[in-house]
Each structure stands twice: as C-alpha cells, then as structure tokens.
Amino acid sequence: MELKDKLISSFLAFEEAFDLNSDIHELRTRSLKEFEQLGFPSKKEEAWKYTSLNSVLKPDYSVFPKKEDTIEYRDIKKYLIHEIDTYNLVFIDGIYSSHLSETTHDKIDVCLMSAALNKSKYKPVIDNYFNKIISKENGFTPLNTAFSKEGAFIHIHKNQLADKPIQIVNFATGNEAALMIQPRNLIVVDENAHVQIIERHQSLTDNPVLTNSVTEIYVAKRAVVDYYKIQNDRDSASLIDNTFVEQKEQSNCSMHTFSFGGKLTRNNLNFYQRGEHSDSTLKGITIIEDKQHVDHNTLVHHISPNCESHQDYKGIFAENSTGVFNGKVLVDKEAQKINAFQSNNNILLDDKATINAKPQLEIFADDVKCSHGCTIGQLDQDSLFYLRSRGIPLKEAKALLMYAFANNVLESVKIPEIKKRITHEIAQKLGVSLGFNL
C-alpha cells in the first residue's frame, strides 16, 4: 500500500481518540480531503522541480508508534543546548515526554498543542491563530493538520520577556522499523514580547524516519522572535519543515537554519509582513556530503510599506550531495519604500556535487530597494596557497576558508552557546579542529 493510501485509511482510527463534535474535528476532516486532492508533491511542480520524494516515501512507515519509550536524559543530553538554562519541550516518537521536559512558568504559556486544543483557557488564542496562515500549495501542510495531535504551544504574553530560551526537540527512538512523525507547533508572541526558540529533530538509530513538521509563528506589534533550527540528523532521516510567520508593525523576526545532516531536508519558510516597519531576517548554513539533499524554499511577502527583509544563505556541498535554493521576494503594489536583500552563495568541493539556485524578485511597487544575487564556485586557490605558505596543512587550510565563508551567518547568532555548538558541528563536518574561541 502506498503511503498516501495508508494515511487516508488510518484517519478514522486516528480520529477515534478525539471528540468528533469539536471544531478541530471538522478542520481535520476538511484537511484530509485537501490532502486527498493534492497528494504528495512531485518534480512536475515548479517548486519541487529539483527535489524528488520517491525514495523518501518508499518505506512502510508506521503512523502510530506502538511501544513506550525508555529514553533517559543521558541518552539525549548531547543533542540539547545544555550549556545554558532553557525551557524544554521534548517529544519521543511524536509523544510528549514529561520527565524529560521542563515548562513551568507563571507569566508565559509553554505547553502541548493537545492541551491547548482541549482547554478553554487557551480557546481564544487557538480560535484566533491556529491554522490561519497555512499555505496549501502542497499536500504536506493539510496532511499535518489532519493528523495534528502533539507539538508545542507557546504564548508569550504582552510586555513579557521569556527569561530563558525554549527548546523544542523531537526524538525518534527507532523502536519502529520505520516511523512517520507529524509535530504541529503554534507560537504566539504578543505586543512588546520577546522570545528565543531552538528547534531540533533527531533520530537515535538508523531506522528510516519521515518528519512532516508545521510551525505557525505570530509576531505582534513591536515583538521580537529569535528562532534557530538545528538540522543535523542521520542519513536515514528525512525532514519536511513547513514554517509560516506573520509579522505586525515594528516587529522583528530572525530565523537561522543550520542544515548539516539528514537524507533529505526540505525547508519551506514563509514570511508575511502585515505591518509597517517590520523586519525579517532569514539566514542559513548548509554543509552536506555523500548523497544528502537540502532544499531551502523561502518566501518573504512584503504586504505593508516601509519594511525590510534580509536573506543570506551559504552552502558547501561535497561528494554527490545536492542543494536547492528557491528564494522569492514578493512586493505588493501598496508596499512602497521596501528594502529587501537576498543572497545565496555556494561552494562545490567535488565535481559531482550539485546546486540548483533560483533567486526571484516579483515587485509591483515603484519606490523600493531590492537586490538579489547568487554565486557558485570553488575554494579560492590564491587564498589556499597563502595559508599553505604559512605552514597550515591543506586540510586545515580548506577548513579555515570554508569557515570564513560561512562565518558572516554565525555573526548574527545572538545566543553564544548556539554559536559555539554550531562552530563545533561545522568543525566535525569539515573533519578538523577549529582551534579558537568565539
């Protein structure tokens, strides 16, 4: 049975655990019908032209994990940013782990989507925000909505500062021969509020895992969101990450994506600026090898005037790896005095490595500053010769040049411990020790 048919036939069994008279039941039912019509995207669609899902959809995924986890903190510690104090929302095979999580706070709401969907105290927020900015260009987002059960619900109230970062971490144990996980996150940051969030998906074995994640982020007037995605999974894991951000006036949202591992990673990142003087930052570093595939598909939609956006993605591709960058800046007619910048720079280390880049500008306003650019090349031989002439071995010289190439993305990371962790993971990917302190 194909995965699409299996999911459709499993829906009734999934719904039996919920109140069939609830509003969310109607939404799930409609979403399943949308998924039936759309199905999984193929290379025939322009947005998926360079990303084939054939090998990803092939395993016989279990939709519902059957075994209880026996994971302890020592098993997952190395994957957490444990050098600093954080709130933690930890999920094991898609199920919330209370003994590995820490969410207590009296001024912000950090809990589970299942709790938020079923408690009256959260109903006004759910009614206002849940599933309101989701794009339905492909079947992954309605599929996630149809099977939405668990994930993170984060509500930062007006004028509140989250006193420490929040980590959302999804682990796959490998108890199932193959598993599909569909986390659903809703993050609402009210006026003048501020939060830092770290997100990671991690397999603990080499059993195939397919994660179809959806995150909605609402950034209110003068609110600040600082978000980090760390993607360094095993070669048996694939991730379809769908993130939607809506910003109001004078808000600031930055999104850093670090893609170092996984079989196939697709990041669908969509920003909608619905207020003047809002600022959006999208940055990413990709370092992959072997037959790994990373696809960044970004959209910044300038709907209101006097706003800014900045996109900067760096890619380093070795062996038979493949990268895709499909970045789009859309400026509406009413969105005058926009300042939008987009850059995608790539290094191919081997002849069989590939990058497909398609930077796009669609501008309907006449008083804007918009620019985009893309470069594809190899390491500069003159710089390499200079480093080697100073006694630096070839491997370390190449690593220093590649680190310098990616470093301007790291410069905007606001949490020092994340910067150190990413520098360490870059060093591991490059196979060297970067012997300096940040």
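This is a predicted model: local features need pLDDT of at least 70, side-chain atom pairs count only at pLDDT 80 or more; totals for chains, interfaces and linings use all residues.
Strand S9 (209–219), S10, strand S11 (237–247) and strand S13 (264–273) each put at least two residues into the lining of the largest cavity.

The volume of the largest cavity is about 90 Å³. Of the 14 residues lining this cavity, His 201, Asp 233, Ser 238, Leu 239 and Thr 265 are the closest to its centre. Counting cavities of 30 Å³ or more gives seven.

Which strand gives the most to that lining? S11 does, with three residues. S11 is also mostly covered, with eleven of its eleven residues buried. Both faces are covered: Ala 237, Leu 239, Asp 241, Thr 243, Val 245 and Gln 247 are buried on one side, and Ser 238, Ile 240, Asn 242, Phe 244 and Glu 246 are buried on the other.

Now for the strand pairs. S9 and S11 run parallel, and Ile 240 in S11 is the bridge partner of Asn 212. S11 and S13 run parallel too, and here Phe 244 stands opposite Asn 270 in S13.

| Pair | Sense | Bridges |
|---|---|---|
| S9 and S11 | parallel | eleven |
| S11 and S13 | parallel | ten |
| S10 and S12 | parallel | eight |

S10 and S12 belong to an open sheet of ten strands with mixed pairing, in the order S2-S1-S5-S8-S10-S12-S14-S16-S18-S21. S2 (95–96) and S21 (369–377) are at the edges and have a single partner strand each, so one side of each is left without a neighbour in the sheet.

H10 checks out on length: at 1.5 Å a residue, its 15 residues should span 21 Å, and its end C-alpha atoms are 21 Å apart, which agrees. Buried residues in H10 include Ile 418, Ile 422, Ile 426 and Leu 430, along with Arg 421, Glu 425 and Lys 429. The buried residues of H10 pack against S8, S10, S12, S14 and H9. After H10 comes Gly 431, with a positive phi near 75°.

Technical notes. Residues are numbered from 1 along each chain as its sequence is written. Side-chain values use heavy atoms; hydrogens and water are left out. Two strands pair if DSSP finds at least two bridges between them. Helices (H or I, at least four residues) and strands (E, at least two) are DSSP runs, numbered from the N terminus. The expected span of a helix is 1.5 Å times one less than its number of residues. Buried means under 20% relative accessible area, exposed over 50%, partly exposed in between (1.4 Å probe, protein chains only). Contact means heavy atoms within 4.5 Å. On a 1 Å grid over the protein atoms alone, a cavity is a set of points where a 1.4 Å probe fits but cannot get out, and a pocket is an open set with protein on both sides within 12 Å along at least five of seven lines; lining residues have an atom within 4 Å of a point. Grid points are joined across faces, edges and corners, and a volume is the space filled by probe spheres set on the points.
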